[in-house]
Amino acid sequence: MNPEKLAKLQAQVRVGGKGTPRRKVKKATGTVAKEDPKIASTLKQLGVQPIPGIDTINMFMEGGKVMAFNAPRLSANVQANTFVVAGKPEEKSPEQAITEMISRMGTFDPSMLSQLASLTENAQGSTDAGDVDDDIPDLIAGGDDVAKSTDLDAAD
């Protein structure tokens, strides 16, 4: 047998068993991005609904990095405060994330950004600076003695 002809036959791929025709081109099977059935059932139990139209999600982490998701799939159950983000994350520096957010906002006045920062500082300051103990009355030093005297008065 001719070696060239043998190499040509070996390169062809047979689809089935004996007697089936050979394919001329080997087709690559593509994997379809499909959710795992366990994940899908868990999401169904949580009652999350998909939220369309989200372009980017930025999550600020404790280490100073930002995890950015471009074109994520976002599902949420707002009543249960449950959010599910699915997508491929990128790790960015805070400066990169903020510059991208500002560029997406379009035209804006820098003074609006400073006003927003001062409003958030005031909102945080009012909750932290307010004394929680204002509603609680002070304890009386001889509180037990007062309780005993009222019991004696009630017994008379």
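Author: A polar contact is a pair of N or O atoms within 3.5 Å; within protein, one must be able to donate a hydrogen and the other to accept it, and residues adjacent in sequence count only if both atoms are side-chain atoms. The model is predicted: local features need pLDDT of at least 70, side-chain atom pairs count only at pLDDT 80 or more, and totals for chains, interfaces and linings use all residues. Residues are numbered from 1 along each chain as its sequence is written, and side-chain values use heavy atoms, with hydrogens and water left out.

Reader: With the side chain of which residue does the side chain of Lys92 make a polar contact?

Author: Lys92 is found in strand E8, a strand being a DSSP run (E) of at least two residues, numbered from the N terminus. Leaving aside neighbours within four places in sequence, Lys92 is in contact (heavy atoms within 4.5 Å) with Lys65, Val66, Ala68 and one further residue. The polar contact of its side chain spans 2.6 Å, and the partner is the side chain of Glu100.

Reader: Is Lys92 buried or exposed?

Author: Relative accessible area decides this: under 20% is buried, over 50% exposed, and in between partly exposed, with a 1.4 Å probe and protein chains only. Lys92 comes out at 8%, so it is classed as buried.

Reader: Which residue stands opposite Lys92?

Author: Strands E5 and E8 run antiparallel and are joined by four bridges. Two strands pair if DSSP finds at least two bridges between them. The residue that stands opposite Lys92 of E8 is Val66.

Reader: In what order do the three strands form the open sheet that holds E5?

Author: E4 (residues 56–60) and E5 (residues 66–70) pair in the antiparallel sense over five bridges. E5 also has four bridges to E8. The pairing in this open sheet is antiparallel, and its order is E4-E5-E8. Each edge strand pairs on one side only; these are E4 and E8 (89–92).

Reader: Which residue is the bridge partner of Met59?

Author: Strands of a sheet pair through backbone hydrogen bonds, either parallel or antiparallel. E4 and E5 take the antiparallel sense. The bridge partner of Met59 lies in E5 and is Met67.

Reader: Which residue in the turn of the E4 and E5 hairpin has a positive phi?

Author: Five residues lie between the two strands of this hairpin. The phi in question is about 95°, and the residue is Gly64.

Reader: Which residues does Met61 touch, not counting residues up to four places away in sequence?

Author: Met61 lies in the loop between E4 and E5. Because its relative accessible area is 32%, Met61 counts as partly exposed. With close sequence neighbours set aside, Met61 touches Met67 and Glu91.

Reader: How many Å apart in space are Met61 and Pro94, C-alpha to C-alpha?

Author: In sequence, 33 residues separate Met61 and Pro94. In space, their C-alpha atoms are apart by 9.7 Å.

Reader: Which residue in E6 is the bridge partner of Pro50?

Author: E3 and E6 (residues 73–77) run antiparallel, with three bridges between them. Pro50 has as its bridge partner Ser75.

Reader: What is the relative accessible area of Asn81?

Author: Most residues other than glycine have a negative phi, and most peptide bonds are trans. Asn81 has a positive phi of about 55° although it is not a glycine. Asn81 is found in the loop between E6 and E7. Asn81 is classed as exposed because its relative accessible area is 61%.

Reader: Where is Ala71 found?

Author: Ala71 is another residue other than glycine with a positive phi, near 50°. Ala71 is exposed, with a relative accessible area of 61%. Its place is the loop between E5 and E6.

Reader: Which residue takes a positive phi just after H3?

Author: Helix H3 (a DSSP run, H or I, of at least four residues) covers residues 94–105 and has 12 residues. From first C-alpha to last it reaches 16 Å, close to the 16 Å expected, the expected span being 1.5 Å times one less than the number of residues. The phi just after H3 is about 85°, and it belongs to Gly106.
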